[in-house]
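Subject: Structure handover

Hi,

Here is the structure I promised to pass on. Have a look at it first, and then read on for what turned up when I went through it.

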Amino acid sequence: LLAPPAPRDLAGLHVVVSAGPTREYLDPVRFISNPSSGKMGFAVAEEARDRGARVTLVTGPVTLPDPPGVEVVRIETALELRDAVREAAQAAQIVVMTAAVADYRAAERAGEKQAKVAGDVTVTLTPNPDILAELGQEKGGRVLVGFAMETHAGVERAAAKAARKNADFILLNYPTREGTAFGGDDNEVTLVRPDGSAEAWPRLSKREVARRLLDEAVRVRAGRTT
Ligand code: CTP
Ligand code: CA
């Protein structure tokens with residue numbers, strides 16, 4: 001049995017999605033990163049493509065192949081992610097930040113491999129720019145969507161983040177639920193708006209989460225222009 005065709009409700013729109021981790025190099029062969037698989041962002045990109053959007057997917061290092069019909073930009077560091085997302089976002093109506101952006105990078109990236117020394121080593125980290133917050137400051141008519149992983153006070157913290165970054169909504173998840181979030185094929189998220197209103201969704205495939213995310217983005221757009 002064939003699934004019914006996806007609605008073409010994103011035809012004529014440009015959707016930008018960020019995905020995966022960033023790598024913050026300490027020296028040419030060592031970096032700080034996180035276990036983001038990229039699956040959530042790739043699912044959003046594929047769903048948006050199937051609904052007729054032009055899609056740019058900016059992704060950190062992940063093992064997933066380029067989705068056909070999507071413009072893929074591969075980056076490593078948060079600074080590279082920022083440049084690529086900001087450029088792509090110029091002409092975009094919807095921007096979805098699923099990337100697990102490292103909050104810090106080495107204040108100084110050594111040009112040569114650093115040999116080990118006896119005893120403790122201190123590394124100074126400096127904050128990376130907040131890409132979603134920067135987009136929120138020059139939002140225009142765009143719909144901005146974030147993700148957040150929290151271990152406690154999730155809805156409250158995610159609502160505060162959405163408000164601070166001028167995002168339309170954030171999908172909140174928890175690191176502890178098996179088979180979800182990092183690396184899993186499913187996700188169990190709560191939609192959180194800047195006003196603190198929230199909707200808990202059941203455990204769903206990442207593709208189904210992507211579908212509902214884009215449904216909500218379309219509703220936000222409609223609410224804005226009518
Ligand atoms: N984000 C971003 N740039 C950063 C950090 C985060 O664009 N430098 C985006 C993420 O892609 C995500 C959202 O902001 O969509 C929330 O990320 P999160 O790490 O939860 O927020 P932070 O503001 O970094 O807060 P925390 O101190 O909890 O890490
Ligand atoms: Ca963070």
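Let's start with ligand 1: its shell holds 13 residues, and Met97, Ile131, Leu132, Gly146 and Ala148 are the closest of them. A residue is near a molecule here if its C-beta atom, placed from the backbone, lies within 6 Å of it. Two elements, α3 (131-137) and β9 (143-149), each supply at least two residues of that shell, and β9 gives the most, with three residues. Helices (H or I, at least four residues) and strands (E, at least two) are DSSP runs, numbered from the N terminus. By class, the shell has eight nonpolar, two polar and three charged residues.

Residues are numbered from 1 along each chain as its sequence is written, and chains are lettered from A and ligands numbered from 1 in the order in which they are written.

On confidence, the protein averages a pLDDT of 95, and 96% of the residues score at least 70; pLDDT is the predictor's confidence in each residue, from 0 to 100. Where pLDDT is low, the predicted coordinates should not be read in detail. For the complex, the predictor gives an ipTM of 0.99 and a pTM of 0.96.

Now the overall picture. The protein has five helices and 14 strands. Its C-alpha atoms fill a box of roughly 60 × 40 × 40 Å, taken along the principal axes. Among contacts with a separation of 6 or more, 60% come from residues 24 or more positions apart. Two residues are in contact if their C-beta atoms, placed from the backbone, lie within 7 Å.

Then the record. The UniProt annotation "binding site", from an unreviewed entry, covers Asp103, Lys113, Pro129, Asp130, Ile131, Leu132, Phe147, Lys161 and Lys165. These positions are spread over 63 residues of sequence and also in space, up to 37.2 Å between C-alpha atoms. UniProt positions are given in the numbering used here, feature names are shortened, and annotations may be inferred rather than shown by experiment.

I checked two of those residues individually:

- Asp103 sits in the loop between β6 (94-97) and β7 (104-106). It counts as partly exposed because it has 14 C-beta neighbours inside 10 Å. Leaving out residues up to four places away in sequence, Asp103 touches Pro127 and Asn128.
- Lys113 lies in the loop between β7 and β8 (125-127). With 10 C-beta neighbours inside 10 Å, Lys113 counts as exposed. Beyond four places in sequence, Lys113 is in contact with Asp27, Pro28 and Val29.

The loop between β7 and β8 also holds Val123, which is exposed because 11 other C-beta atoms lie within 10 Å. Its contacts, leaving aside neighbours within four places in sequence, are Leu26 and Ala106.

What about Ala45, buried or exposed? Ala45 is in helix α1 (residues 39-50) and counts as buried, because it has 31 C-beta neighbours inside 10 Å. Not counting residues up to four places away in sequence, Ala45 touches Val17, Val55, Leu57, Pro67 and Val70.

Finally, some backbone angles to look at. Ala153, in the loop between β9 and α4 (154-165), has a phi near 50°, a positive value in a residue other than glycine. Asn166, in the loop between α4 and β10 (169-173), has a positive phi too, near 60°.

Cheers

Notes
Predicted model: local features only at pLDDT ≥ 70, side-chain atom pairs only at ≥ 80, totals over all residues. Nonpolar A, V, L, I, M, F, W, Y, C, P; charged D, E, K, R; others polar. Buried ≥ 20, exposed ≤ 12 C-beta atoms within 10 Å, placed from the backbone.
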